[in-house]
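Hi,

Here is the structure I said I would pass on.

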Amino acid sequence: MNLLKTPQSLSQENIPHYVPKGNECALFETALVRQLPLLLKGPTGCGKTRFVSHMAARLGLSLTTVSCHDDLAAADLTGRYLLKGGDTVWVDGPLTTAVRNGGVCYLDEIVEARKDVAVVLHPLTDDRRILPLERTGETLEAPSSFMLVVSYNPGYQNILKALKPSTKQRFVAIEFDFLPREQEIAVVSIESGLDAAKVAPLVDLAHRLRAMKGHDLEEGVSTRLLVYCAALIDSGMQVKEAVLAALIEPLTDEPDIRSALVEVANAVIN
């Protein structure tokens, strides 16, 4: 089985648009072939999820995405017994389904999940590549087409929510960041349909606001928000209204900070 061969039935139109920042595409492919788990780290909205979607489609692999949260437990990933028609039956969780069938299982923001999730992942991230299901007594061996990918935002880490070094060292890792100016302009233009010349000042504003991260802002403007803003403008909304709705309001609830951001926006957007 050639894992890197895209099925002929898969056209370019079915592959989500993605602009490589370095050698991450080659690294993903190599990790798949060598059966290595992959860790993606970087700020919110910088393209981690889009990258995984792009690579799964490009390689013709099914993709199972799980958005991790505070209440996500190991059983939510592996499965549980449920009542169906008066009978108690086992129902696979998304991770178990992916291990049985192959494909990419992507756990987004893994640090948000409960601590028992990491314990379940450990046997899948070493040379065993197994998933023990204690409730059913099964031990599943991951097929060669199975790949585990996880992501997190280091900027949001704290003592209570941090990925342990012992867990991080089970993965090959790629660090993501925002694209250089010209590349980001091109991506936002393609995604939103707005002319690149009109996108340019939006990207310049985003760079100004990102420089405020850690001072007045907890997080900078994501490329995702830039696409939203450009889409609003492309649909006929006034630029300043779109900037307020997509680039300022999502960043803060503090009136003073909001006013400061509006001043920055007025200085950059003519």
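**What I found**

R129 is found in the loop between helix 5 and strand 6 (130–133); helices (H or I, at least four residues) and strands (E, at least two) are DSSP runs, numbered from the N terminus. Before going on: this is a predicted model, in which local features need pLDDT of at least 70 and side-chain atom pairs count only at pLDDT 80 or more, while totals for chains, interfaces and linings use all residues. Residues are numbered from 1 along each chain as its sequence is written, and side-chain values use heavy atoms, with hydrogens and water left out.

At 9% relative accessibility, R129 counts as buried (buried means under 20% relative accessible area, exposed over 50%, partly exposed in between, with a 1.4 Å probe and protein chains only). E109 also has a positive phi without being glycine, near 55°. You'll find E109 in the loop between strand 5 and helix 5 (116–121), and its 17% relative accessibility puts E109 in the buried class.

**The chain as a whole**

The secondary structure of the protein chain comes to 11 helices and nine strands. Its C-alpha atoms fill a box of roughly 65 × 45 × 40 Å along the principal axes. Of the 270 residues, 45% count as buried. Take the contacts (heavy atoms within 4.5 Å) with a separation of 6 or more: residues 24 or more positions apart account for 71% of them.

**The aromatic cluster**

A search of the whole structure turns up four aromatic pairs. The rule is that rings of Phe, Tyr and Trp (its six-membered ring) pair if their centres lie within 6.5 Å; planes under 30 degrees apart count as stacked, over 60 as edge-to-face and the rest as tilted. F28 and F51 have ring centres 5.6 Å apart and planes at 90°, so this pair is edge-to-face. F28 lies in helix 1 (residues 24–33) and F51 in helix 2 (residues 48–58), so the pair ties together parts that are 23 residues apart in sequence. Both F28 and F51 are buried.

F51 also pairs with F176, and that pair is tilted: 5.3 Å centre to centre, 55° between the planes. Since F176 sits in the loop between strand 9 (172–175) and helix 7 (181–192) and F51 in helix 2, the pair ties together parts that are 125 residues apart in sequence. F51 has a relative accessible area of 0%, and F176 is buried at 2%. Ring pairs link Y18, F28, F51 and F176 into a cluster.

**Around helix 2**

How do helix 1 and helix 2 pack, and at what angle? The angle is about 60°, with the axes 11 Å apart; axes are lines fitted to C-alpha atoms, for helices over the stretch in contact, and angles run from 0 to 180 degrees between N-to-C directions. Helix 1 and helix 2 are therefore oblique to each other (under 35 degrees is roughly parallel, over 145 roughly antiparallel, 65 to 115 roughly perpendicular and the rest oblique). The contact is made by E24, C25, F28 and E29 of helix 1 and F51, M55 and R58 of helix 2.

In helix 2, K48, F51, V52, H54, M55, A56 and A57 are buried. The buried residues of helix 2 pack against helix 1, strand 1 (38–41), strand 2 (63–67), strand 5 (103–108), strand 8 (146–152) and strand 9. Just after helix 2, G60 takes a positive phi of about 70°.

**An arginine over a ring**

R210 lies over the face of F178, at 3.7 Å from the ring centre; a charge sits over a ring if NZ of Lys or CZ of Arg is within 6 Å of the ring centre and within 35 degrees of the ring normal. R210 lies in helix 8 (residues 196–210) and counts as buried at 14% relative accessibility. Leaving aside neighbours within four places in sequence, R210 is in contact with F178, E184, G220, V221, S222, T223 and L226.

**One more helix pair**

Helix 10 (residues 239–248) and helix 11 (residues 255–268) pack at an angle of about 130°, with their axes 11 Å apart. That makes helix 10 oblique to helix 11. K240, V243, L244 and I248 of helix 10 make the contact with R258, L261, V262, A265 and N266 of helix 11.

Cheers
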